[in-house]
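Have the sequence and the model open while reading.

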Amino acid sequence: MWLWTVALLVVSAIAQRCPSYSSYSRQRHGPFSAGAYQLSYQRPAPACRTFNSSAVEGAIGRMQSLIKDPDLFRLFENSFPNTLDTTIAWKGFAANNSDEDLCFIITGDINAMWLRDSANQMQSYRSILNSPEDDIASLYRGVINLQARYLNEAPYCNAFLPPPESGIAFSPNGAGYVVTPSYDNRVVFSCNFELDSFAAFLEISHDYYNATQDIDFFGKFQWIAAVQSLLGVATDMMEPTYAPDGAALGSTYTFQVSTMSFTGTLGNFGLGNPTNRTGLVRSPFRPSDDTSVFEFLVPANAMFARYLETGAEIMDLLPNAPRGLARQMSDMAASLRAAIDQYAIVPSPSDGQTTIYAYEVDGFGGRILMDDANIPSLLSLPFLGYLDRDDPIYQNTRQFVLSSGNPWFSRGPVISAVGGPHIRPGTAWPMASIARILTSDDDEEIVGQLQELVSSTDGLGLIHESINTFDQSRWTRQWFSWANGLFGQMILDLAVNKPGLLARSFQP
Ligand SMILES: *[C@@H]1O[C@H](CO)[C@@H](O)[C@H](O)[C@H]1NC(C)=O
Ligand SMILES: *[C@@H]1O[C@H](CO)[C@@H](O)[C@H](O)[C@H]1NC(C)=O
Ligand SMILES: *[C@@H]1O[C@H](CO)[C@@H](O)[C@H](O)[C@H]1NC(C)=O
Ligand SMILES: *[C@@H]1O[C@H](CO)[C@@H](O)[C@H](O)[C@H]1NC(C)=O
């Protein structure tokens, strides 16, 4: 009895001692790194971590001997484990099937699960997915199953609330949103239709299959139905604004909300700007959750095409898949590629001779030449596996998006990188610096980007969403798990492909 009481007191004391990571990540904690930037140690205390992985600790140990710069190592040590340390809000099984893993992963400082973020948060652990010491594979299965459930229930939506099985309390979001189709606000957190959410589901499915070859998993639960659900929506979202006789058509999806922000709602009574039939899929919202200007968002269509191809390979191996479904996926991938080639390759503004990819088009000749930091972006196309980084049109596009010709390339003494309208002009996104490294073979370009990343964290030692290019103390989002994981993934990639760069000094 006495022992029990003591044990209970200890447990509740530990629970109370875990601070909210939202405030913890705003403050500096010792011991500080030994370099000039004296970066904070930002991992939560072991008792406060949301998932323990010896494979992650092993990777940190290996990197400690490869990375010679103390500040660069500290940034890796803080950021790589961030998703497992802080965002695995719940892990369990479906109420009606005790074999069906479920896992609810929050995006960081917002208490909801994004389809895109959760796929990418897991992607940072792709290289250790199969490690026998711990069960990262079960987190992958849990995320895929929960995403499948969401896609079956509300396929137009992008971010979701905890499943009832978790018992996690939440308050419904969404007062004031007028969206068709309507949705249950005990399930959905926000319902911005973003095509890359579909690509993200297929991407995490591919990552899991590629590492485990566990094909049976995909036939067991709701995966096939989820793919059918998203293919139906993608087909509906190819429909044009006008019928051949000129009659204005409706849309299966509309979105309106009262907001101060031009990029927060859709014009034309929730329809967005008109589009012609091209074979591309409309994405009224970008991966930043801002509205698009022209709805055929090229990077999202490219990412969707690429992961439909690998999704079709999985579908083709499932004995219980409906006939023709794998073929439907690979046909759609091929027609998306053809439509991108036909409608999205446009003359470069720099010389009018060479060609580049537009960021968005409308099928009437309307196009927007820019890039946004959020992935999928034009900059990240080779990282997504859509094309090879030596592709000449990609190289022209890359030169354009990394120049002042891109209205969202933000320059300054602190950091220069692609930003985006989600924050404001003059703010660079570290995520875009990371994408630049992941798509470069140029040692000096990579070292320059690493130097900017290490020196611009405001001493906090985490990857922020955006940074004012003239003042690093003006950043957004102290707890952005995906960006932290992507930094870790990039360092592990360098350790394989360019380990010599990790031995360099990044001191001022
Ligand atoms: C992780 O390990 C620590 C001990 O090092 C423990 O206190 C904590 O509860 C573990 N976290 C989980 C989610 O199991
Ligand atoms: C569990 O419930 C889901 C709907 O939430 C349903 O699609 C699925 O078939 C059910 N599974 C079993 C084993 O009953
Ligand atoms: C897994 O990925 C590797 C590297 O991209 C590729 O070579 C291999 O074919 C993939 N395997 C499967 C089964 O998808
Ligand atoms: C719009 O698409 C139709 C075919 O669907 C095509 O005939 C027409 O030329 C297109 N309009 C423009 C301005 O490209």
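Asp289 sits in the loop between helix 11 (267-270) and strand 8 (296-297). Helices (H or I, at least four residues) and strands (E, at least two) are DSSP runs, numbered from the N terminus. Asp289 is not a glycine, yet its phi is positive, near 70 degrees. The model is predicted: local features need pLDDT of at least 70, side-chain atom pairs count only at pLDDT 80 or more, and totals for chains, interfaces and linings use all residues. Residues are numbered from 1 along each chain as its sequence is written, chains are lettered from A and ligands numbered from 1 in the order in which they are written, and side-chain values use heavy atoms, with hydrogens and water left out.

Gln38 also has a positive phi without being a glycine, at about 40 degrees. Gln38 lies in the loop between helix 2 (21-24) and helix 3 (54-66). Its relative accessible area is 43%, so Gln38 is partly exposed. Here buried means under 20% relative accessible area, exposed over 50%, and partly exposed in between (1.4 Å probe, protein chains only).

## Cis peptide bonds

Thr180 and Pro181 are joined by a cis peptide bond, with omega near -10 degrees. Pro181 belongs to the loop between strand 5 (178-180) and strand 6 (188-190).

Another cis bond links Ile375 to Pro376, and its omega is about 10 degrees. Pro376 is in the loop between strand 12 (367-368) and helix 14 (392-401).

## Largest pocket

The largest pocket has a volume of about 480 Å³. Its lining has 26 residues, and the closest to the centre are Arg126, Phe383, Leu438, Gln489 and Asp493. Helix 3, helix 8 (195-212), helix 12 (298-316) and helix 17 (481-497) each give two or more residues to this lining. Helix 17 makes the largest contribution, with 5 residues.

A pocket is an open set of points on a 1 Å grid over the protein atoms alone, with protein on both sides within 12 Å along at least five of seven lines; a cavity is a set where a 1.4 Å probe fits but cannot get out, and lining residues have an atom within 4 Å of a point. Points are joined across faces, edges and corners, and a volume is the space filled by probe spheres set on them.

The lining of the largest pocket divides into 11 nonpolar, 7 polar and 8 charged residues. Ala, Val, Leu, Ile, Met, Phe, Trp, Tyr, Cys and Pro count as nonpolar, Asp, Glu, Lys and Arg as charged, and the others, Gly among them, as polar.

## Second largest pocket

The second largest pocket holds about 370 Å³ of space. It is lined by 19 residues; Cys18, Pro19, Tyr21, Cys48 and Thr50 lie nearest its centre. Helix 1 (2-17), helix 2, helix 5 (82-86) and strand 1 (88-94) each supply at least two lining residues. The lining of the second largest pocket comprises 13 nonpolar, 4 polar and 2 charged residues.

How many residues of helix 15 (residues 430-438) are buried? The count is 9 of the 9, so helix 15 is largely enclosed by the rest of the structure. Among them are Pro430, Arg436 and Leu438.

The structure holds 1 cavity of 30 Å³ or more. The largest cavity has a volume of about 30 Å³. Its lining is formed by Pro430, Leu453, Ser456, Thr457, Leu462, Ile463, His464 and Ile467. Of these lining residues, 5 are nonpolar, 3 polar and none charged.

## Ligands

An oxygen atom of ligand 1 is 2.4 Å from an N or O atom in the side chain of Asn52. A nitrogen atom of ligand 1 is 3.5 Å from a polar backbone atom of Arg49. The protein covers 43% of the 360 Å² of accessible area that ligand 1 has on its own (Shrake-Rupley method, 1.4 Å probe).

The residues around ligand 3 are Tyr209, Asn210 and Gln213. A polar side-chain atom of Asn210 is 2.4 Å from an oxygen atom of ligand 3. Alone, ligand 3 exposes 370 Å², and the protein buries 35% of that.

Notes:
A polar contact is a pair of N or O atoms within 3.5 Å; within protein, one must be able to donate a hydrogen and the other to accept it, and residues adjacent in sequence count only if both atoms are side-chain atoms. A residue is near a molecule or strand if one of its heavy atoms lies within 4 Å of it.
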